[in-house]
Amino acid sequence: MSGFQSHLGDFQSPRPDESNKEPTAKVAKSSADRKKLDTQTPLQFVPGVGPLRLELFQKLGVRRPLDLLFLFPRTYQDIAPYQGIAELVPGIRATVVGQIVDLDQRFSFDGRSTLGVLLAIEGGGYVRCVWYNQMFRREQFHRGITLVATGIPKSTGISFEMRHPEFVILNDRSELPAPRPTAIYPLTEGLSQKHISSAIEAALEDLLPFVEEALPDRIRQRAGELLFEKKRTLFEQQPQPLLGITDALRALHLPETLADAEQARMRFIFQELLVYQMAIAMRRYQLQKDNAAPSLAVTPQLHARILKRIPFKPTNDQLRVIEEVKSDLERTIPMNRLVQGDVGSGKTVIAHYAMLAAVGNKYQAAMMAPTELLARQHYEKLRQQLDGSQVMVELLVGSLSSREQHELQQRIAIGTVDIVVGTQALLSQHVQFHALGLVVIDEQHKFGVEQRAALREGRVVPHYLVLSATPIPRSITMTLFGDLDVSILREKPPGRARVHTYLGEDSQKAKWWDFVRKQLQSGRQAYVVIPRVESDEENDILGAEQVFAVLSETELSGFRVELLHGRMDGDEKQQKLNRFETGETQVLIATTVVEVGIDVPNATLMAILDADRLGLAQLHQLRGRVSRGQFPGYVCLFPSKKCDPKENERLQCLIAIDDGFRLAEEDLRLRGTGDLLGTKQVGAPAFRIADLARDIEILAAARSVAQNLINEDPALEAPDLAKLRKQVLGRHGGHANLGDVG
Ligand code: ADP
Ligand code: MG
């Protein structure tokens with residue numbers, strides 16, 4: 001871990017006026033006798049750290065005293081502000097409450113005096129408080145009065161002693177201070193909360209003057225207003241600016257109330273998200289400034305010609321997105337648009353429109369799909385729609401012979417091919433376009449971030465249209481795909497019947513298959529989906545091959561059943577798929593290869609075996625296969641043997657929710673961001689304190705502020721942004737290719 005302050009705070013030369021400020025820490029310090037810490041003080045000299053615990057603190061990422069201030073509490077606990085005997089640690093400042101049970105005084109012959117007060121601590125045990133040469137205090141103490149004493153306990157073997165503690169005499173138990181929130185820090189073995197909080201307390205006031213504010217007033221003010229508008233604020237009456245860095249750090253570590261702590265957290269969460277959003281906004285600005293794409297204007301005539309090629313009337317939603325794409329294509333700023341829409345929402349037509357717009361402007365278009373199966377399907381559909389036109393469409397996939405590929409590459413390079421549909425094979429160096437105007441990426445969530453970037457780094461700068469059928473929570477879109485404009489298709493094409501989703505408990509199995517057979521007899525078709533190709537005997541999981549063998553002999557005997565999985569070669573898969581499309585095959589038993597793209601409106605039944613082994617997004621995607629026509633769809637989720645469906649919240653979610661966007665939010669809540677972004681999405685930011693599932697409003701505020709800042713001042717040259725700019729470049733420069741900005 002690197003030093004935290006490079007991210008959220010930093011040095012500056014000390015400001016003498018502030019460094020003299022009275023500390024407002026919860027326990028006034030007897031620091032007069034202690035040398036003040038500064039940024040140069042070696043970490044081991046911070047009280048509470050010491051040479052013994054130095055390494056442990058380093059494990060937490062604390063290298064310099066200043067790092068302590070940016071050690072973020074994990075949570076807060078309302079804890080009594082005083083300790084019982086069992087909680088005392090020698091050498092660590094503590095506060096105890098006790099009744100005076102004994103007093104002793106001694107004078108040595110050279111005139112020095114010792115005053116001892118023995119406290120019986122609440123909950124048991126004793127602490128002796130000692131004062132040297134302060135015999136005047138004798139007057140203050142009597143047996144029976146209650147004392148709150150704060151000092152550094154020293155073990156005397158049988159009890160504890162505190163020298164010269166600060167103290168308050170209580171007239172009454174009710175004067176005891178109320179419990180207050182105590183910061184709970186992430187731990188590492190060997191370090192207790194007490195160690196960490198003492199070190200932070202010791203460092204806090206001394207070092208606060210060295211921490212520089214990265215967020216100028218105007219930003220904190222604006223953020224406060226935005227959060228107020230979104231009701232994500234603790235102030236009901238009027239907006240308040242976010243806390244300044246000094247107040248925020250104090251409230252983070254030593255809050256008076258939980259609301260204080262929350263305010264502090266809000267400021268740091270905002271800052272973390274702002275820095276990231278600014279990096280995105282800067283990169284986006286840079287891309288647009290440096291690159292020019294061809295202007296692909298769509299005249300009313302071209303528009304009409306394109307729509308004539310589309311076999312149905314687009315919905316209003318589709319027309320709206322088409323308009324958005326149309327105006328993007330006309331500009332020379334490269335389009336960078338993500339179309340999100342639930343499965344079956346009809347995204348393809350947007351892609352077709354854009355591709356034909358490019359071709360109508362004498363540019364080429366490429367469409368990349370994650371699987372060969374899907375690429376072929378897109379290809380066939382386009383061929384059909386363009387039947388009798390001049391537009392030349394070709395398919396470029398890995399299973400072509402190298403001669404075929406080579407020949408096709410040549411035709412792409414001289415420009416006799418207008419539209420190329422393909423797989424990752426399109427990314428090959430050998431594919432050189434004559435005049436590429438548009439790239440469409442279908443089912444973009446199936447590609448990693450890197451592949452998306454790879455296509456972008458071509459020799460020409462085409463427009464980009466990205467389609468995603470996995471509705472992504474808004475917060476993820478804003479971060480991971482923050483550099484994309486987003487269009488959302490919510491309206492489904494007309495005439496779609498609903499999908500019914502059930503949980504296939506053992507008692508229901510026979511009923512389900514009965515139902516399937518009846519539906520098959522009345523002409524419908526069915527999918528059976530199995531997560532694995534081969535059985536896993538150890539875990540009692542059947543593979544697609546075994547399920548195929550069993551079902552075709554039992555529940556589905558007498559029906560035309562076929563098996564499809566990813567390990568079959570392209571032609572074989574295509575043939576099987578064709579037979580399913582024509583209705584020759586009634587039941588397709590398949591792995592999750594059928595998850596994307598397959599479009600057989602007559603298939604209305606789907607059984608998903610071992611459904612708990614699949615993610616929500618994937619299950620929803622699969623379900624989308626049976627809601628493509630006028631007949632209602634039926635999905636039955638069969639949990640694996642090891643799964644208690646009642647406990648499987650995810651399956652229950654799927655049954656209850658059929659809107660993909662709501663489901664995605666739910667998924668985020670259930671799994672957290674780490675998991676959702678998964679390993680596929682390399683390059684996903686790891687936030688230290690922000691939580692994308694929780695902090696959506698703060699994220700939206702940060703995004704809005706970031707975009708305004710970059711629009712007004714693309715290079716962040718304003719003097720009051722210097723600090724923030726450094727953080728943006730320091731934290732995300734590499735990740736977001738910002739190295740050249742500064
Ligand atoms: P997806 O968004 O999942 O890619 P598709 O574009 O494949 O969805 O569309 C799903 C199905 O809906 C296709 O059969 C398509 O022809 C049909 N479709 C799309 N839009 C409309 C529409 N406006 N009217 C009628 N059918 C439509
Ligand atoms: Mg699609």
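Two strands pair if DSSP finds at least two bridges between them. The views below come from a predicted model.

**View 1. Strands β6 and β7 run antiparallel.** Strand β6 covers residues 153–155. It is joined to β7 by 3 bridges. Lys154 stands opposite Glu161 in β7. The two strands form a hairpin with 4 residues between them. In this hairpin, Gly157 takes a positive phi near 95 degrees.

**View 2. Strands β4 and β7 run parallel.** Here β7, residues 160–163, meets β4, residues 126–132. The count of bridges between them is 4. Val130 stands opposite Arg163 in β7.

**View 3. Ligand 1 sits in the second largest pocket.** The ligand is surrounded by 18 residues. The closest are Gly344, Lys347, Thr348, Arg496 and Asp599. Sorted by class, the shell holds 7 charged, 6 polar and 5 nonpolar residues.

**View 4. Backbone atoms of Thr315 and Gly346 approach ligand 1.** At Thr315, a backbone N or O atom lies 3.5 Å from a nitrogen atom of the ligand. At Gly346, a backbone N or O atom lies 3.0 Å from an oxygen atom of ligand 1.

**View 5. The side chain of Thr348 reaches an oxygen atom of ligand 1.** A polar side-chain atom of Thr348 lies 2.5 Å from that oxygen. Thr348 is also listed among the closest residues to the ligand. How much of ligand 1 does the protein bury? Taken alone, the ligand exposes 570 Å², and the protein buries 85% of that.

How values were computed: Residues numbered from 1 in each chain as written. Chains lettered and ligands numbered in written order. Predicted model: local features only at pLDDT ≥ 70, side-chain atom pairs only at ≥ 80, totals over all residues. Heavy atoms only, no water. Near = heavy atom within 4 Å. Polar contact = N/O pair within 3.5 Å; in protein donor to acceptor, adjacent residues only side chain to side chain. Areas by Shrake-Rupley, 256 points an atom, 1.4 Å probe, with all protein chains shown as cover. 1 Å grid on protein atoms, 1.4 Å probe; cavity = no way out; pocket = protein on both sides within 12 Å on 5 of 7 lines; lining within 4 Å. Sits in = over half its atoms within 2 Å of the grid points. Nonpolar A, V, L, I, M, F, W, Y, C, P; charged D, E, K, R; others polar.
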